Amino acid sequence: MENGNALSKPAVPELEKKLLERIKDSKVSLRIMHVCGTHERTIAKYGLRSVLPEKIEVISGPGCPVCVTPEEDVNIAIALAKSGATVVTFGDMMRVPGSAESLLDVKSEGADVKMVYSIDDAIALAEKKPELEVVFFGIGFETTVPANAAALLRNTPENFSILASQKKTPPAINLLASDAEVDAFIAPGHVATIIGTKPFEPLAETGFPVVVSGFEAIDILLGISLLQTQVENGSSRVDNGYPRAVKPEGNQIALKIMDRVFETSDSEWRGIGNIEASGLVLRKEFEEKDAAKKYEDLYASALEDIRKKAEGKGKKRCICAAILTGKAKPPQCPNFGKDCTPKSPAGPCMVSQEGMCYNWFRYSREGGGKLA
């Protein structure tokens with residue numbers, strides 16, 4: 001039974017059952033990588049791994065924006081805060097460790113660090129408090145970029161700037177395709193609502209089946225089934241399993257706004273390294289809003305102190321790099337559930353609700369919750 005694009009609740013369990021039966025009946029074995037923190041949360045929360053057959057393995061890639069924000073960008077944000085700027089960012093980013101400490105740590109020491117829900121909140125603060133130098137630490141994939149770009153196209157206050165750490169997803173997936181032992185990919189639905197399905201086509205052309213998926217348990221199961229079908233038919237293409245929100249061409253208005261403000265650059269990914277053409281930086285005409293350049297002289301001394309402090313501080317061993325690239329699972333980390341918990345994270349994968357370590361800890365030490 002359908003109501004517009006939404007399936008009625010009684011119909012969902014029956015469809016889940018049929019999809020699971022289809023997945024189990026297929027002779028296709030797959031090692032699938034998803035690249036979305038929300039996908040990982042759904043998989044862990046509803047225990048999808050526990051109900052899938054052994055021949056289907058779903059691993060998590062670098063789909064958590066907080067997790068892939070490089071240590072050096074966190075260090076710069078901390079240095080800005082220590083140098084007198086008012087640094088505002090999302091709640092999760094306040095807890096992500098830099099080389100030696102987090103933004104939350106320096107806030108407890110007296111630095112002016114505040115949590116906001118959007119770039120608009122940061123701009124409102126700058127307008128209300130013209131005596132402050134407000135820096136918005138903006139992180140994330142293509143999903144968050146349009147809002148940041150749109151804000152900068154408005155007349156923002158002179159005392160407002162952005163420390164941008166924005167990433168492009170397809171280049172990272174392409175890199176992992178050549179490095180990780182993966183047969184197929186579930187592409188991120190949030191990102192695809194902006195960029196569409198076409199940017200994933202080059203990956204499919206190299207022989208990897210791809211499906212764009214939504215975020216319900218039934219969406220994930222549908223995605224797995226669609227990937228099996230591609231393999232059964234001897235094809236590799238991009239299937240859109242989330243047509244209620246994703247168009248092949250994406251959101252053209254959002255893409256045009258992004259392109260007016262940002263341009264592509266190489267970018268550092270935490271745990272992975274530098275990935276060519278995977279970042280977004282402000283175009284030259286918006287450089288006066290680039291906090292990293294605007295305040296470089298101000299925070300240079302504090303940044304050097306942070307680096308020196310990190311050299312003399314023993315760090316807890318963190319295997320986020322291996323987890324983000326599908327080479328390890330959270331329980332393989334010696335700190336998992338011991339010296340690294342959501343209350344006291346040793347690495348970024350335990351901080352965010354989109355992080356793999358967080359979700360495995362939250363829903364089960366084996367990563368499986370319960371299929372509702």
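Student: At roughly what angle do the axes of helix α2 and helix α18 cross, and within what distance do they come?

Tutor: The axes of α2 (residues 37–45) and α18 (residues 356–363) cross at roughly 20 degrees and come within 9 Å. The model is predicted, so local features need pLDDT of at least 70, side-chain atom pairs count only at pLDDT 80 or more, and totals for chains, interfaces and linings use all residues. Residues are numbered from 1 along each chain as its sequence is written, and side-chain values use heavy atoms, leaving out hydrogens and water.

Student: Why are α2 and α18 called roughly parallel?

Tutor: Angles under 35 degrees count as roughly parallel, over 145 as roughly antiparallel, 65 to 115 as roughly perpendicular and the rest as oblique. The angle here is roughly 20 degrees, and α2 and α18 are therefore roughly parallel.

Student: Which residues make the contact?

Tutor: Contact means heavy atoms within 4.5 Å. On α2 the residues are G37, E40, R41, A44 and K45, and on α18 they are M356, Y358, N359, W360 and Y363.

Student: What makes Q166 count as buried?

Tutor: Buried means under 20% relative accessible area, exposed over 50%, and partly exposed in between (1.4 Å probe, protein chains only). Q166 has 2% relative accessibility, and therefore counts as buried. Q166 lies in strand β8 (residues 160–167), and its side chain reaches the backbone oxygen of G140 at 3.2 Å.

Student: How do you know whether I56 is buried or exposed?

Tutor: The relative accessible area of I56 is 6%, so I56 is buried. I56 belongs to strand β4 (residues 56–60), and its C-alpha atom is separated by 5.0 Å from that of L30, 26 residues apart along the chain.

Methods: Axes fitted to C-alpha atoms, helices over the stretch in contact; angles between N-to-C directions. Helix = DSSP H or I, 4+ residues; strand = E, 2+ residues; numbered from the N terminus. Polar contact = N/O pair within 3.5 Å; in protein donor to acceptor, adjacent residues only side chain to side chain.
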